[in-house]
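Please walk me through this structure, one part at a time.

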Amino acid sequence: MPEPLPEENAEDLYDSAPCGYLTLLPDGTIVRVNRTFLQWTGWRRDQLAGRRVHEFYAVGSRIWHETHLAPLLHMQGEVREAAAEFRRADGSRLDAFVNAVLRAGPAGSQALVRMTVFDAKERRTYERQLLEERRSAERNATRVRLLQEMVVRCAAIERVEEIVAPIVRVGDEAFAATATRVWLLDPAQAALRPLGVADELLSLDDQAPEARAAALLDVVRHAEDDGGLRLVSPMLADQRVLGVVSFVFATDRPDPSEPQAARPRAYGENEPGPTRPRAYGEDEPARPRPRAFGEDEIELMRTVGRQAGQALERIRLLEETTRRAWQSGFLARLSRDLDETVGFTGRAMRLVELLVPDVAGYAQIDLDAAGDPAGEPAWRASAPARPGGGWTIPNDVLATVHAAGRSGAAPAAALLITIDGERALVLPLRARNAMLGTLLLAGGEVSGAGHVGPEFLADLADRAGLSLDNARLAERDREVAHTLQRSMLSGDWPADPRYHVVTAYRPAVHTLEVGGDWYDVFATSAESVGIVVGDVVGRGLHAASAMGQLRSAVRALATAHDGPAEVLRHMDDFVSHFAAGQMTTLAYAELALDSGVLRYACAGHPPPLLVEPGGVPSFLWEARSGPLGASAAGRARSEAMLTVPRGSRLVLYTDGLVERRGERFHHGLDRLASAAAAHWQTPLGLLATELSDAMLPGGGGHDDMCLLALDYTDAPPFRTEVPARMQALAGFRAALDAWLGEQGVGDYDRFGVVLATAEAVANAIEHGYGHDDARTVGVLAQVDGGAVSVRVSDTGQWRPPRTALQRGRGLALIGRLMDELVIDRGTGGTTVLMRRRAAGGGR
Amino acid sequence: MSAVQRNNIRLLGPEDAPAIVFAHGFGCDQNMWRFVAPRFADDHRVVLFDHVGAGNSDLGAYDAQRYASLGAYADDLLEILRELDLRGVVFVGHSVAAMIGLLAANAEPDRFAKLVLVGPSPRYIDDHDYYGGFSAGEIDELLDSLDSNYLGWSAAMAPVIMGNADRPELGEELSNSFCRTDPAIARQFAEVTFRSDNRADLGKVSVPTLILQCSEDVIAPREVGAYCNANIPGSTLIVLHATGHCPNLSAPDETFAAIDGFLRTG
């Protein structure tokens with residue numbers, strides 16, 4: 001039997017209903033409230049009755065009641081399932097849903113609002129979660145978009161500094177950070193440096209969150225003392241930290257009444273300006289909420305760090321590549337420019353010019369006198385000009401640099417010095433384990449990072465040192481070679497009126513190094529002369545010294561052996577015994593001065609040119625064989641012989657005279673033959689110059705050139721032995737005068753030559769023999785090419801003149817009468833060579 | 001798109017009659033004026049509209065950037081007047097629309113004959129000596145509650161049309177909705193409304209102004225009404241017997257009478 005249902009009365013149904021129940025006047029005044037509502041809220045009935053329900057709402061619901069609930073009740077009489085939040089007596093909140101209905105009262109009475117209140121704590125919690133998730137998703141969608149934008153922008157930047165803007169933008173828009181700062185790791189200092197701030201440095205050992213994040217390789221959250229927050233995300237590339245991004249969240253927004261300009265702003269801090277248009281009066285800026293960061297936000301910050309790190313790594317690689325390309329390009333340019341600059345000092349000056357401004361604002365080279373670090377620099381090159389004459393490097397610095405330079409440490413370390421507030425680097429200049437001096441660099445890139453690093457500078461200094469040293473050595477070689485060459489090529493020819501020789505040597509243009517061309521003239525016997533022109537392969541000191549050896553060898557062999565073929569055979573032996581001189585070419589000829597018999601041979605050398613009287617040229621094409629030392633050539637040295645008429649001219653030369661770029665060799669020979677014919681009338685004294693000029697217009701060719709021309713005197717010479725007594729002079733004078741007349745020498749020239757020669761003979765009688773009439777004075781006179789040459793020789797001992805005046809007058813007289821005068825006082829006697837250009841006679 | 005379409009304009013009364021424009025405030029739409037506006041239609045050209053984002057306005061025209069201040073709403077109002085070629089307008093604005101109309105009248109005074117401000121507040125947040133009725137924290141809480149009521153309000157605003165014994169004539173007409181509001185737009189409109197500060201604009205008013213102040217209004221307390229009255233040159237303040245923030249709904253007769261009386265003066 002079913003149990004009876006309990007009695008229910010309306011009062012209990014109302015008071016104990018499973019929902020709150022409020023009856024309100026239309027203006028919200030509470031008329032009646034049930035017990036359930038009182039129990040839920042903790043208010044007593046007397047606290048509620050007669051008060052407006054607004055007072056028991058949380059503020060949001062209060063406004064919502066006025067702006068939504070009341071109007072809807074007025075318009076549609078009912079509101080359902082609206083969210084409302086009541087204040088409990090203990091200050092906590094009751095989340096509720098309310099249904100409300102407006103009941104018009106009977107005529108004459110007020111309308112009433114009946115409101116049921118349901119506890120919606122769980123549902124509201126759920127809704128809040130839903131809402132939070134949705135908003136979080138929306139936020140994150142926005143953030144991911146901002147992040148993607150950052151990645152895209154980072155991918156386009158080319159300089160480290162440009163990474164700040166995209167990151168700050170993410171901090172600003174994705175996280176609403178008060179400020180976003182980018183710190184870069186300075187590995188050398190083991191410290192972080194804010195990008196764009198000059199002098200701030202944060203050691204990695206610091207407890208600041210930036211340093212901790214760099215050490216932890218993860219996001220660090222740091223609560224500031226003032227309630228603000230800092231979240232720091234490391235910028236990573238392959239788990240290497242390159243820096244950190246620091247997001248700052250201030251505890252409060254700045255007071256808007258405070259002028260913005262007065263607030264100091266850190267670099268990278270977000271722009272505080274309004275993001276929305278404001279007109280018709282300022283809106284109140286939003287008050288900050290306390291920030292809480294979810295794992296999703298932290299992860300996004302991590303991603304910002306990783307993306308920024310990768311962008312930085314890419315930029316670094318790009319910059320490193322660019323820097324290395326620049327460096328190697330610069331060093332290559334430097335080496336080339338230095339190589340093209342001749343001379344030690346020239347190179348040093350060029351070097352400092354090249355270093356400014358790409359490497360430094362100021363460059364200075366101090367070259368040591370003799371490796372003495374404490375001594376004054378021997379020489380200085382600097383650029384640009386500096387008032388006061390440049391830096392004076394303190395002695396202790398010099399000593400350190402020298403010690404480092406000598407220690408051979410590679411790369412040589414640069415020493416940073418500061419003088420009068422200016423910073424400069426001092427590097428050792430060294431080569432072949434020796435110190436040359438120092439290179440000082442100041443200003444420009446030197447003090448900053450830039451593309452100039454220590455390795456680059458060390459490389460630069462080493463290259464510069466080597467280049468300078470090379471220049472120094474080359475200069476020294478060149479000096480020696482020139483000296484050698486000058487001594488070899490000096491025109492100290494045997495004087496013999498039966499022939500005359502002129503020579504010319506012209507170095508190649510565009511080089512300062514000497515070549516190996518030489519010529520030589522020497523007596524092979526009393527009655528024959530040997531002439532040679534040769535060409536040693538190569539240039540410089542080696543060629544010059546080889547040339548010297550070969551020249552001596554030819555001389556020695558020519559006097560010891562008979563004929564050109566023999567000479568060449570022995571020269572082959574010579575070059576095979578000595579390393580130097582292989583492949584040397586030469587033309588050698590011996591002329592018998594009385595008979596005119598010419599013997600010649602060519603070892604791989606252009607043929608001698610014979611110009612017979614009247615200007616008929618012919619090359620001597622016989623007796624040809626290979627260069628010296630050429631294996632097959634040695635066994636087949638031959639010589640040719642012919643008799644040349646008196647008055648002939650023989651021209652020996654090296655290929656530099658006839659070779660032109662782009663011209664066949666035979667054309668060059670043809671030009672030489674034509675030029676020699678055309679200059680037949682040219683006196684021998686001028687011939688070498690004029691023939692060279694004709695063949696090498698512009699002063700020189702691409703190779704060295706030497707030329708030797710010998711004129712075989714066309715008339716027999718005047719030759720006599722004068723007894724050493726003054727009485728013999730008169731007859732001698734008459735004989736010489738007659739002979740000169742026969743040669744067509746004019747009266748005036750005859751008188752001069754005779755007077756000068758008699759004076760020389762008188763000197764020999766008086767000072768050479770002391771009037772010993774058993775002795776004779778030899779006189780040889782020759783007319784050739786418009787000049788009269790006279791040789792006066794004795795075999796006596798020189799005696800000092802009785803009075804200087806007398807002696808001086810004799811020589812002075814000869815000097816005035818003759819154009820050239822050479823006096824050779826040897827142990828075996830004295831020879832006086834005189835020459836006077838004469839009108840008439842000759843060709 | 002024309003302002004007429006964008007703002008869901010409804011016109012009542014003879015075309016050549018003096019124009020009276022009614023603007024709704026935060027929380028609802030032009031239905032707020034349903035018990036008052038028609039009463040002017042006999043001898044006025046009555047203009048009703050919804051702010052962009054409210055009622056049947058074109059939601060697509062809402063741009064959070066543009067509507068970040070009340071100025072944009074004032075611009076819309078001026079556009080409507082230009083489009084309808086209205087001058088010498090009587091503007092009746094409720095709640096925040098009072099300030100919107102005031103801004104528009106300050107911008108183009110020639111178009112306005114009179115202003116009626118119903119429950120106006122130039123600033124809701126207390127500021128030093130100024131009493132606005134809310135602390136900054138309370139407004140934050142309001143905006144928070146708008147957020148948390150995101151779903152609740154949507155549900156609450158869903159139309160629940162019941163046969164209403166008192167006003168059966170409404171039933172069909174309201175079959176669409178009252179106060180239909182996009183929650184996201186409502187959230188921003190609330191922020192713009194409750195963070196605005198238009199105190200400096202009060203002194204620039206140059207047209208005759210009537211202030212209707214309810215006797216008990218938690219949103220626009222009497223101190224605020226008095227402040228408006230003191231700062232709007234030549235303004236008239238009428239304190240209604242009506243309580244609450246919406247006398248146009250809770251006391252349409254009194255509201256009509258006060259406006260009508262003001263229109264008949266001067």
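Helices (H or I, at least four residues) and strands (E, at least two) are DSSP runs, numbered from the N terminus. The model is a predicted one, in which local features need pLDDT of at least 70, side-chain atom pairs count only at pLDDT 80 or more, and totals for chains, interfaces and linings use all residues. Residues are numbered from 1 along each chain as its sequence is written, while chains are lettered from A and ligands numbered from 1 in the order in which they are written.

In chain B, strand β2 (residues 19-23) includes B:Ala23. B:Ala23 is buried, as 29 other C-beta atoms lie within 10 Å; buried means 20 or more such atoms within 10 Å, exposed 12 or fewer, and partly exposed in between, with C-beta atoms placed from the backbone. Leaving aside residues up to four places away in sequence, B:Ala23 touches several residues, among them B:Phe49, B:Leu77 and B:Ile100. Contact requires C-beta atoms, placed from the backbone, within 7 Å. B:His94 is 71 residues from B:Ala23 in sequence, yet their C-alpha atoms are 6.3 Å apart.

Chain A has an open sheet of five strands in the order β2-β1-β5-β4-β3, with antiparallel pairing. Strands pair if DSSP finds at least two bridges between them. Because β2 (30-33) and β3 (78-87) of chain A stand at the edges with a single partner strand each, one side of each lacks a neighbour in the sheet. Eight bridges join β3(A) to β4 (residues 93-103) of chain A in the antiparallel sense, and A:Phe86 stands opposite A:Leu94 in β4(A).

Definitions and conventions:
Contact = placed C-beta atoms within 7 Å.
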